[in-house]
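Welcome! Let us take a walk through this structure together, one stop at a time.

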Amino acid sequence: MSDGNATKLPTAIDKLIAAIDQALDTALPSDTSLLTLLLDDADKQLKQLATRAGTKFQNLTNTANLVPIKFQAGDTKPSKSDKVVAKVISARERVEGTDYFEQMRSAVAEYLENQFDCDEEDIDSAIATLEAEKDREYSQIQRFLNFLDDEALSRVRLTITFRIMEAIADNARSKDQLEYKLLAEYVNRVLILVTSSKEHGYTVDLTAHFGSAVEFDLSDELSKVIFYSCLPVWPEWKTQIFEQKTKNQVDREVSYRFRVNGQNPELGKPAFEVRLDQIEEALLSNDQSSLQKPWLICRRLAELIFLAIVVPQNAEESLTPESLTNTVVQLIETLKSGRQAAISQTLQELRERAKVMNSIATALMNVVRDKSQKVISQVQHRSSQQFICVKRGIFQWTRLIGAEEGVRDLLVGPQQSSREQVEWFKHIEICDQPATLGLLFSVKVTAELSEYDLTTQGPASKLEAKRSLPKRLLQICWVPRSFRRDQNRQWTYEYSTNASKAAGWVLSAAIIVEYDVDTVKRRPDTKGSEESKQYHAAVVTAFAVLVYCCLWRIIKRLQQGDNGKSVDFTTLMLRLQEFGKQSDDSSGDAYIYAAAQTLEAILAEDTPIRMQGLTLENIAQQDQKAKFTKSGTFNALLSAFPLFISTPSADSAPKIGLISYASRPCDEETFLDKGEKGYLFLTQSYVATAVSQPFLGYELKRERMKSDVLDSSKGLKKQRLLQEEISYLESQGCQHIILLAHAYGDRRINRAADYNSSLIPKEFLEQVFETFPDLNIYSMVRDVFPATRLQKRGYNEAAFEILQARDHTYFQRSVTGEYFRDLIPVYTFATLFAVQETQRPQSGFCIYFLVSDGQVRDINWTERARQHLINPEHNSPIHPCLIAVLRGLHFLEAEKGQLIPVLDPFSWISPTTVEGAGEVKVLHHRRKGQVLLNYPALLTHVSQVLHWRK
């Protein structure tokens, strides 16, 4: 907030709330209570919603099987009674010489002296210019250094995936079965096409059909690491919690997992077919909005060409580099001349290869299961050491030599409509040795690959679960409307195109939030548009504040009841939009999505609430995709309700609290020191209460979500809000409280190191132990690791889990380094479903680590937690209770069916888009970059005023 606003805000909020109260009183008939908005008989209301969603709802007790597993070395054979269900390939990655600028500076000085024969004064002047540009905010040099640390390093990992698939193909060639031959040919074509694109470029020109912006080089798309997510069978990587930084060196753990053309549970189709649907929607739909996204059309065209080339047919001959080049050129020409008809024909041919892709996936899983040791050994031999080689062509030397301080853009820039990263990749090479022609400097990256298995052990256990429905429901629906001129040039206020089709989703009483996307959408840049940008920023800010204050006031008046008697209810919020979260921010829908996401979190302080979005187009359609989407929306809303979950005994811990908390930057500029940056601090509390009905176990319930804005990193050490929540849970009767820390928004380096563990500082732990001496505090972190499922998931396998710390022994030995804090893996929950969308993978395992910090003054503080969670003697009555709560989180957030758990129940901690994080673009400058408005931070300020003045 700007200076002075903090003191003015309370008065302004008071006036707004008074105006809202007056408007409510005026609109409400004198004989009608506001409580008519609340709906009785939640079971009946949910059945009605389920019918509209094309599914059924019965709140019965469901049973799930939990399969016990353990970590095992990849070269260890399981016993006859056990089986390997998943495999994990990991790499210890080390980046040496991480002071990239120092390397650049030294290399530039040496090159100026040797190549241009510059004297000392000219060299000093050039270096001074370079240093000044490096220190300037938003500078090109800064962007390039970040590029080396992100995109270029990702290229190293991409190279490792190529080597992994190359080794798999080599092992597949020894088999005679057709599926292995298809796998080898598939890999061969990918590798050949990637190599030949660097030589030929492969220009694609469909400007005659899609507009002037749809002309690109296929090689530019293939230079982007994210592009390879279009391959339904291919490895992908994820950096993990274990990272450390020493002087000029970074070590990290990177996991590799295979996409295996898994079934998309939301759409009921394999990944290959879902990708083809996405391509068809972008290239063949009549939706004019897609034409406003030429970047998307270019990507989908590139994916179409790429898949058409690399996915073989059953009886097709092997392609050589020469024949593949001719095939690519011919296909591009066919698409150019045939336009939509050619695109449609190519898609149809690809759909006919769906069985081929299934065969390729099956063959890959067999090779990984049977030959993984051989594959790892081959990849390690070739990829143990790589270099990011930066070539001298990255600089515009004529601008640097003799330049005075203040000269900008010393590196090569973007050409025409391409991004600067695309141009930089032309001057970057990943090599086995730093001997590439024109080398300026290099960064050494080593990777030590290993593997381990997830193996079953013993019989499955049964778990019972049932939703705990409230007595009353409140529904909030966001419905798009707009002002338009009719044929008589008169302004009319009407529903959007498909809004009327949502009538069945609105219950008999509901709060309707009507909005017009034109109000919040960004206008195109025009001359003198700076003032309009400021007005737009004010409008999108006012929109979020107004909707929040209105909903908050209605909810508070409902909770107060008519005679002052408190009224409890659960809120279901349905966000209806013409276009979904993938809409371009200029359309206005992105602002609606971000605002609704934020309001769900901010209102959760006052009411149990769940928000789910649904595009009106999906409501209108009746195809299989729309059916899955609608039923999935309904099932996701059920996670608003508490969950009864069984456990053998809950008497030892009648109430257990859990606080999931995180921080993320909300006021960040490159010129700010780390200590000056602002942070948004978020907490979500849960309470598990022992019950004997409907069965023995716990009722796991979300309590309130709270947020705070910290004006510096110093506030992270005090964590005032977290201590308030501990006190709140203690007042609810909780004697055992789990503190689960997450990180978001910052680089993951040193998350396990003392000097960067901002969410679990030693001083904070000591203060908590001293303030709450009678509580049992369990300080924990968690991370999600990808895994490749080697067996088809059985119908009776809801999830897999590791209950004892000792069964994590091999995992701990394979990843823990001597510099890491004492992170003890105590519980693992695995779904091992087929891969979902790339943003929400379900094939993996979530490990919970106990932070056992031996540096606190009194070792007894942490020893109690160790005894209960590690449970070395297997005699702790608290251990199964704590595990039941952690397990229950995954079932509480179930979004598919009524008892199918999620891999990561903390998606609100790390959203995959800026809109999902509640951030929206309000200003944009070509050189200075973009300015994002952080809705959560904004509404946190408003929320704090409202709650302080209740």
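What you see is a predicted model, in which local features need pLDDT of at least 70, side-chain atom pairs count only at pLDDT 80 or more, and totals for chains, interfaces and linings use all residues. Residues are numbered from 1 along each chain as its sequence is written, and side-chain values use heavy atoms, with hydrogens and water left out.

Let us begin with the salt bridges. The term stands for a side-chain nitrogen of Lys or Arg within 4 Å of a carboxyl oxygen of Asp or Glu. A search of the whole structure turns up 45 of them. One joins arginine 94 to aspartate 251, with the closest N and O atoms 2.7 Å apart. This pair links distant parts of the chain, since arginine 94 belongs to strand β3 (residues 84–96) and aspartate 251 to strand β7 (residues 249–260), 157 residues apart. Helices and strands here are DSSP runs numbered from the N terminus: H or I with at least four residues for helices, E with at least two for strands. Arginine 94 has 33% relative accessibility and so counts as partly exposed, whereas aspartate 251, at 13%, counts as buried.

Now look for arginine 351 and glutamate 280, whose side chains meet in a salt bridge at 2.6 Å, N to O. Arginine 351 lies in helix α11 (residues 321–351) and glutamate 280 in helix α9 (residues 271–284), so the pair ties together parts that are 71 residues apart in sequence. Arginine 351 is partly exposed because its relative accessibility is 26%, and glutamate 280 is partly exposed at 33%. Elsewhere, salt bridges that share partners join Glu605, Lys706, Asp708, Arg720 and Glu724 into one network.

Helix α11 also leads us to helix packing. Two packed helices are described by the angle between their axes and the distance between the axes. The axes are lines fitted to C-alpha atoms, for helices over the stretch in contact, and the angles run from 0 to 180 degrees between N-to-C directions. Helix α10 (residues 294–310) and α11 have axes that come within 10 Å and cross at roughly 115°. How are such angles named? Those under 35 degrees count as roughly parallel, over 145 as roughly antiparallel, 65 to 115 as roughly perpendicular and the rest as oblique. α10 and α11 are therefore roughly perpendicular to each other.

A second pair is helix α16 (residues 530–560) and helix α26 (residues 935–948), which pack at an angle of about 40° with their axes 10 Å apart. That makes α16 and α26 oblique to each other. The partners are 536 residues apart, with arginine 557 in helix α16 and aspartate 21 in helix α1 (residues 5–27). Arginine 557 is buried because its relative accessibility is 19%, and aspartate 21 is buried at 16%.

Next come a few details of the backbone. Most residues other than glycine have a negative phi, and most peptide bonds are trans. Asparagine 261 has a phi near 55°, a positive value in a residue other than glycine. You will find asparagine 261 in the loop between β7 and β8 (263–264), and its 6% relative accessibility makes it buried. Asparagine 871 has a positive phi too, of about 50°, and sits in the loop between α24 (859–870) and α25 (879–892). With a relative accessible area of 5%, asparagine 871 is buried. For a cis peptide bond, look at glutamine 693 and proline 694, where omega is about 5°. Proline 694 is in the loop between β21 (678–691) and β22 (697–710).

Is leucine 130 buried or exposed? Leucine 130, in helix α4 (residues 120–135), is buried because its relative accessibility is 0%. Tryptophan 491, in strand β15 (residues 491–495), is exposed, with a relative accessible area of 55%.

Terms used: Buried means under 20% relative accessible area, exposed over 50%, partly exposed in between (1.4 Å probe, protein chains only).
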